[in-house]
Amino acid sequence: MSYHVNEKGYYGEFGGAFIPEMLYPNTEELRQNYLSIMEEPSFKEEFQQLLRDYVGRPTPLYFAERMSERYKTKIYLKREDLNHTGAHKVNNTVGQILMAKKLGKNRIIAETGAGQHGVATATVCALMGIECVVYMGEVDIARQAPNVARMKMLGAEVRPALSGSRTLKDATNEAIRDWINNPVDTHYIIGSVVGPHPYPDMVARFQSVISEEIKTQLLEKEGRENPDYVVACVGGGSNAAGAYYHFLDNPEVGIIAVEAAGKGIDTGESAATSALGKVGIIHGSKTLLMQTPDGQITEPYSISAGLDYPGVGPLHAHLFRSGRGEFISITDDEAMTAGLTLCQMEGIIPAIESSHAFAILEQRKFNPTDVVVMNLSGRGDKDLQNYIDYFKL
Ligand SMILES: *Cc1c(COP(=O)(O)O)cnc(C)c1O
């Protein structure tokens, strides 16, 4: 079985491009060009140079000695938290801004929920001197003031989405409307392995630098390229896709996906898509998503803003359905406790998204000789207030 996208844009039964007719020229231009552009030597060179000199790659693969002792297995942390802007998201926005330039676009739009993708997009637009408009739900603008301020400082315009629940899905609708109206000069930077084909594949390829580096670094440290397990949290699934990418076709590498259970899978306040989702279409892609019996998208919930998404990318739906991936869901409480454990055992304050991945160590047993790579998707600075409120610090 293949775990990569086919020519039609599908992973198994998931994926595709379910878009309004008027968006067809935009996605078609991208579809016809993205692979050949990514293959161009000048593109590769500039991408690699920016990842190295601007983002700070390669990120370390760190052997977590105290955690390894505690959980009786060999735990390595892939330090995506050390990237410029504090998470893996910038790997993708650097790639897409270069893609936009190659396609001759001089204007960027994006949507953002918690603001992390908006900041990563505004960052690369400033870097390139390109106009940037970020759509954000009015409710999220109020909730995420520091990231709104960051985007403004970086020169982006933050446009409020005023319709519906005034959150991420409404911002996405506004961004799509903008793209339909500006098909020639504008590129839409999507922030995860979601959306119509070719976005899930393109974003996975940009993020695949994570597993490419893991292979080289593990060979150096363990004398072998392949870990026994790779663990990552899944919101839309981009950090996970990047961490799994070069291991997907190797069945000896176990793939573990960690979703946010929120207050618990059965509480109605959850974002555990593999447990709760049904097949449906969201953001132009056929995938698993949380919905009511009559097909309305359910509002997701997680303490972590980055995992608070009602679907997963089509690759992850396929990994779940095919059994290639092991899916585990973690509650808010379990994640917060695991985050604090990482702080106090390794001196690293993780993003709450990443804390979800670490929480599986309390319940999923590994062998003492197993090499387990945990993708530490981001740093916890942005979540400090959440940690303060939760632990009454
Ligand atoms: C946005 C974000 C996530 C979730 O997004 P994915 O596309 O699933 O990776 C996870 N961790 C951090 C730190 C994030 O900022």
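The points below go from the ground rules to the domains, the annotated lysine, the cores, the aromatic contacts and the backbone.

1. Ground rules. This is a predicted model, in which local features need pLDDT of at least 70 and side-chain atom pairs count only at pLDDT 80 or more, while totals for chains, interfaces and linings use all residues. Residues are numbered from 1 along each chain as its sequence is written, and side-chain values use heavy atoms, with hydrogens and water left out.

2. Domains. The chain is divided into domain 1 (21–50 + 89–203) and domain 2 (57–86 + 208–391), with bounds that come from an automatic or database domain assignment. Their C-alpha centres lie 23 Å apart, and the contact between them takes 20 residues from domain 1 and 22 residues from domain 2, where contact means heavy atoms within 4.5 Å. Separately, an unreviewed UniProt entry lists residues 56–378 as "domain: Tryptophan synthase beta chain-like PALP"; UniProt positions are given in the numbering used here, feature names are shortened, and annotations may be inferred rather than shown by experiment. That span is 40% helix and 21% strand, and its end C-alpha atoms lie 14 Å apart; helices (H or I, at least four residues) and strands (E, at least two) are DSSP runs, numbered from the N terminus.

3. The annotated lysine. According to the unreviewed UniProt entry, K89 carries the annotation "modified residue: N6-(pyridoxal phosphate)lysine". In the model K89 is found in helix α4 (residues 89–102), and it counts as partly exposed because its relative accessibility is 21%, given that buried means under 20% relative accessible area, exposed over 50% and partly exposed in between (1.4 Å probe, protein chains only). Leaving aside neighbours within four places in sequence, K89 is in contact with Q116, H117, A120 and Q207.

4. Nonpolar cores. A nonpolar core is taken here as a set of buried Ala, Val, Leu, Ile, Met, Phe, Trp, Tyr and Cys residues joined through side-chain atoms within 4.5 Å. The largest has 82 residues, and those with the most contacts inside it are F43, V94, M99, M151, Y244 and L319. Helix α4 gives the most to this core, with 6 residues, and the core draws at least three residues from each of domain 1 and domain 2. Apart from it lies another core, of 25 residues, among them M67, I75, I360 and L361.

5. Helix α13 and L319. In helix α13 (residues 314–322) the buried residues are P314, L315, H316, A317, H318 and L319. Not counting residues up to four places away in sequence, L319 touches Y3, Y244, L248, I255, R324, G325 and F327. The helix is followed by G323, whose phi is positive, near 85°.

6. Aromatic contacts. Rings of Phe, Tyr and Trp (its six-membered ring) pair if their centres lie within 6.5 Å, and planes under 30 degrees apart count as stacked, over 60 as edge-to-face and the rest as tilted; by this rule the count comes to 11 aromatic pairs. The ring centres of F63 and Y76 are 5.2 Å apart and their planes stand at 55°, so this pair is tilted. It links F63 in strand β3 (residues 61–63) with Y76 in strand β4 (residues 74–79), 13 residues apart. Y76 is buried, with a relative accessible area of 4%, whereas F63 is partly exposed, at 30%. Elsewhere, F43, F47 and F206 form one aromatic cluster.

7. Charges over rings. A charge sits over a ring if NZ of Lys or CZ of Arg is within 6 Å of the ring centre and within 35 degrees of the ring normal. K263 lies over the face of Y301, at 5.0 Å from the ring centre, and the charged end of R324 sits over the ring of Y3, 5.9 Å from its centre.

8. Backbone points to check. Most residues other than glycine have a negative phi, and most peptide bonds are trans. The bond from R57 to P58 is cis, with omega near 0°, and another cis peptide bond joins H197 and P198, with omega about 15°. T85, which is not a glycine, has a positive phi of about 75° and lies in the loop between β4 and α4. Phi of H283 is also positive, near 50°, in the loop between β11 (278–282) and β12 (285–289).
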